[in-house]
Amino acid sequence: MPKVNILKKLGSLVMFASTVAILVCSAATLSKSYSFRPFLLSDTSSCNYETLSPDHHRTNQTQIKQTVQIIIHKIHQQLHHMKENSRDEESEHASFLADILGLVGSVNSSLSVNSEQILQETPSNLLEPSEYFLTEEIRKYVKTKPNRLKKQNFMGTNGTSASIGHACFSMRKLLEDYMDYDVGDICEDDWKLAQKIMVNGCDPLPRRRCFARAPQFYTKPLPVNESMWGPLNDKNVRWSQYRCKNFTCLVSKATTSKKGFSKCADCFDLAGHEYPRWVEPVYQDPNSNTTSDFTITEVLDLKPGEIRIGLDFSVGTGTFAARMKENNVTIVSVVINLGAPFSEVIALRGLVPIYLTINQRLPFFDNTLDLIHTTRFLDGWIDFVTLDFVLYDWDRVLRPGGILWVDSFFCLKEDLSDYLDVFKMLRYRKHMWVVVPKSDKSDDREVFFSAVLEKPARPF
């Protein structure tokens, strides 16, 4: 009878050994993709990487670690039981189990070290989504790209997360707060939370089954012939999440600390700062008449009658779209509310805002737009890989012969050559191209770059 028990235990040990072998093979396979510390194995030839299914590659590291810990626990229990019985015939089995325990322990240590490394390399509010993928291009695309200047950009983020919905999983708490509401009731006034989630890569957001809040005393907008430059009504904005509580505050020369934002701080002064834009150039150096500004007339004259529809990917209140509308060109303005009601103002002016972050693929089909214009948005904070993806997407939606208008892109002098190389990569025809000093600061470390470029036909 004892021999039967020994055979049963021996069978259990063989099963244990098989399980551990499979686990070690899986973990070793993952190590090829996730850079785990090499395991202390004398012979791994029994691990056939090529025969493992894709499911093994997608196995979650946390689940593997939990499985290893369960095996370690069970081996400890068995060893304890053998020590209590301490029969000669079980001593060899105990030694065998001890060897397996050492092997599994090394796997567990490797997993722990790798987990700590991933957490250290990942921003505190984001788990790096690229670690979930094996294909290099998708890993590059979804990897959070840190800002070039090693500090937060004007959107309040330390890097850029491309959007394929992956980042929502690493922002679980914020997303759960956003989705915590009563179905059929009025939504919370939480657009600021939603925008925070969006600019960190969880874009687009899930739909919700609640009613969006509206201004309490909303009044009908002005007629289209008056709305573009007419007065803005305070009653048509929900001011609760803004530091300024009316348009008087936004138009004033108040400090950034009072307004709550700095990017395009003068853009709400429609009658003053905004009115001459793209009609009269601003000279950075009046003594030499140098400017990075091109006028709308200059650009439209390059392709008479051909520019009809386009996109403005900028920070602003819709003035570019307004000026183009006066020239019978329809422009959609990409915008997010960076401390002020940019979206609301564009709509109140009778123009079309599209609430979109830089993380998201443009919602337009290939080869459909005549023009893309950008200013005050893609500047020296942006990572080169991010800029690469953005420009290729813009190229996708521009039609053959379409115009890319890069308007007053600024960066550090030492970075200019690298940024220009990224734009030159498009191989567009240069209609206008200028680099001038940026003289609004006491030093001369920054420059402006502007260009009007034409997409080639590429018939093949």
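Which ring does the charged end of Arg 208 sit over? The ring of Tyr 178, at 3.9 Å from its centre. By "over" I mean that NZ of Lys or CZ of Arg is within 6 Å of the ring centre and within 35 degrees of the ring normal.

Quick housekeeping. This is a predicted model, so local features need pLDDT of at least 70 and side-chain atom pairs count only at pLDDT 80 or more, while totals for chains, interfaces and linings use all residues. Residues are numbered from 1 along each chain as its sequence is written, and side-chain values use heavy atoms, with hydrogens and water left out.

Okay, another charge over a ring: Arg 349 lies over the face of Trp 229, 4.7 Å from the ring centre.

Now, rings with rings. We have 20 aromatic pairs here. Rings of Phe, Tyr and Trp (its six-membered ring) pair if their centres lie within 6.5 Å; planes under 30 degrees apart are stacked, over 60 edge-to-face, the rest tilted.

Take Phe 154 and Phe 377: they're edge-to-face, 5.6 Å centre to centre, with 85° between the planes. Phe 154 is in the loop between β1 and β2, and Phe 377 in the loop between β6 and α15, so the pair ties together parts 223 residues apart in sequence. For those names, helices (H or I, at least four residues) and strands (E, at least two) are DSSP runs, numbered from the N terminus.

Are these two buried or exposed? Phe 377 is buried, at 4% relative accessibility, but Phe 154 is partly exposed, at 23%. Buried means under 20% relative accessible area, exposed over 50%, partly exposed in between (1.4 Å probe, protein chains only).
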